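Hello,

Here is the structure I said I would pass on. My notes on it follow below the model.

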Amino acid sequence: MFDRNVISDKALIILTALVIFMFVFLLLVGINLRPGYNEKIGQIVKVGHEGMFVKTWEAQLIPGGMSNGSGSFGINPFNFTIESETMAKEVKMYMQNQTEVIIKYRMEGVFSQFRTRSRGYFLVSIEPVKSK
């Protein structure tokens, strides 16, 4: 017969609190299974300062570019987060001038959902594509 005293009330409370904590943690934190560094080429089509509780600089790049026959037209834009206002101004300048750029970005393994809307892709550097 099952003995209720096998799991004490205190242990049950601790286990319940742990499950609730893990649930809340997973809601607030994103996980990227392939962290690392990468780069893309394309044209910036959006830069904005967004967020309800925490404002972040978010941008979109169309991979392959949209002009000069420099590549295939990317159907899905690539979203990334810009962590500094100085770099956001630079990205905005490239967007306004319709400059094709190379971005280098890092993919964080574990990131706060309040810090990014781009699933953990953070801009490291941006530079214009050198014309041939």
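Strands β2 (residues 36–50) and β3 run antiparallel and are joined by eight bridges. This is a predicted model, so please read everything below as computed from its coordinates. Within this pairing, V47 stands opposite A59 of β3. The hairpin of β2 and β3 has five residues between the strands, and G51 there takes a positive phi near 135°.

On its other pairing, β3 meets strand β4 (residues 78–82), again in the antiparallel sense, over five bridges.

Salt bridges

There are two salt bridges in the structure. One is between E50 and K46, with 2.9 Å between the closest N and O atoms. E50 is buried, at a relative accessible area of 18%, because the cut-off for buried is under 20%. K46, at 30% relative accessibility, counts as partly exposed.

The other joins the side chains of E83 and R106, at 2.7 Å from N to O. E83 lies in the loop between β4 and α2, and R106 lies in strand β5 (residues 100–107), so this pair ties together parts that are 23 residues apart in sequence. E83 is partly exposed, with a relative accessible area of 43%.

Surface

A nonpolar surface patch of about 1100 Å² is made by L12, L15, L18, V19, F21, M22, F25, L26, I31, L33 and V110. Helix α1 (residues 9–28) gives the largest share of this patch, with eight residues. L12 is found in helix α1 and is partly exposed, with a relative accessible area of 41%. For the chain, the accessible surface comes to about 9300 Å², and 61% of that belongs to carbon and sulfur atoms.

P128 sits in strand β7 (residues 121–128). Its relative accessible area is 32%, which makes P128 partly exposed. Leaving aside residues up to four places away in sequence, P128 touches Y94, T99, E100 and V101. P128 and I103 are 25 residues apart in sequence, while their C-alpha atoms are 8.8 Å apart in space.

Chain totals

The secondary structure comes to two helices and seven strands, and the elements run α-β-β-β-β-α-β-β-β from the N terminus on. The chain has 132 residues, of which 32% count as buried. Among the contacts with a separation of 6 or more, 57% are between residues 24 or more positions apart.

Confidence

The mean pLDDT of the chain is 81, and 84% of the residues reach 70 or more. Confidence is highest in helix α2 (residues 85–96), at a mean of 94, and lowest in strand β6 (residues 110–112), at 72. Where pLDDT is low, the predicted coordinates should not be read in detail. V110, one of the residues of the nonpolar patch, falls in strand β6.

Regards

Conventions: Residues numbered from 1 in each chain as written. Predicted model: local features only at pLDDT ≥ 70, side-chain atom pairs only at ≥ 80, totals over all residues. Heavy atoms only, no water. pLDDT = per-residue confidence, 0-100. Helix = DSSP H or I, 4+ residues; strand = E, 2+ residues; numbered from the N terminus. Patch = residues over 30% accessible without salt bridge, like charges linked within 9 Å, V, L, I, M, F, W, Y side chains within 5 Å. Areas by Shrake-Rupley, 256 points an atom, 1.4 Å probe, with all protein chains shown as cover. Salt bridge = Lys/Arg side-chain N within 4 Å of Asp/Glu carboxyl O. Buried < 20%, exposed > 50% of the residue type's maximum accessible area, 1.4 Å probe, protein only. Pairing = 2+ DSSP bridges. Contact = heavy atoms within 4.5 Å.
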